[in-house]
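Keep the 3D view open as you read.

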Amino acid sequence: MTLRHERDLQALDTLRAVYVSDRRYLASVAARVLGSHSDAEDLVQAAFLRSLEVYAELTRPQLRVWLRTVVRRLALDVARSTARWRRIEASLAATTVGRLC
């Protein structure tokens, strides 16, 4: 086994451990922003998928901070996008009702 392969396996073990230990906390953070536990779980999984790109470069404490930051930012992005679509739908509905009257 090469040294690089060994480091990758150790990094994946770290990522797995962080997922097991922090998933509920991260989901609760996202759920507070989004108001939906199922959306929060999806968002946490998306954050962990993104972490596969950087996990080998980070230590466990760095990975935990990185994931918390990514989950917060993703949740805020989703909340903003949802709010924007609701405003658009309301505007379209008002326009349509106005034309029908």
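## A pair one turn apart

Arg 16 and Asp 13 sit 3 residues apart in helix α1 (residues 3-34), which means that about one helical turn separates them. Helices here are DSSP runs of H or I with at least four residues, strands are runs of E with at least two, and both are numbered from the N terminus. Arg 16 and Asp 13 form a salt bridge, with their closest N and O atoms 2.7 Å apart. The term salt bridge stands for a side-chain nitrogen of Lys or Arg within 4 Å of a carboxyl oxygen of Asp or Glu.

How open are the two partners? Arg 16 is exposed at 51% relative accessibility, while Asp 13 is partly exposed at 43%. The cut-offs are under 20% relative accessible area for buried and over 50% for exposed, with partly exposed in between (1.4 Å probe, protein chains only).

## How to read the model

The model is predicted: local features need pLDDT of at least 70, side-chain atom pairs count only at pLDDT 80 or more, and totals for chains, interfaces and linings use all residues. Residues are numbered from 1 along each chain as its sequence is written, and side-chain values use heavy atoms, leaving out hydrogens and water.

## More salt bridges

In total, the structure holds 5 salt bridges. Another one joins Asp 77 and Arg 80, whose closest N and O atoms are 3.2 Å apart. These two residues are 3 residues apart in helix α3, so about one helical turn lies between them. Asp 77 is partly exposed, with a relative accessible area of 43%, and Arg 80 is partly exposed too, at 48%.

Which parts of the chain does the pair of Asp 22 and Arg 68 tie together? The side chains of Asp 22 and Arg 68 meet in a salt bridge, at 4.0 Å from N to O. Asp 22 belongs to helix α1 and Arg 68 to helix α3 (residues 60-100), so the pair ties together parts that lie 46 residues apart in sequence. Asp 22 is buried, with a relative accessible area of 3%, whereas Arg 68 is partly exposed at 27%. Asp 22 and Arg 68 also belong to a network of salt bridges that includes Arg 64.

## A buried serine

Now look at Ser 51, which lies in helix α2 (residues 37-51). Is Ser 51 buried or exposed? With 0% relative accessibility, Ser 51 counts as buried. Leaving aside residues up to four places away in sequence, Ser 51 touches Leu 15, Leu 63, Trp 66 and Leu 67. A contact here means heavy atoms within 4.5 Å.

## The whole chain

Stepping back, you can find 3 helices and 0 strands in the chain. The radius of gyration is 19 Å, well over the 13 Å that the globule rule gives for 101 residues, so the chain is more spread out than a compact globule. This radius is taken over C-alpha atoms, and the rule is 2.2 Å times the number of residues to the power 0.38. Along the principal axes, the C-alpha atoms fill a box of roughly 75 × 25 × 20 Å.

Buried residues make up 24% of the 101 residues. Of the contacts between residues at least 6 apart in sequence, 64% join residues at least 24 apart.
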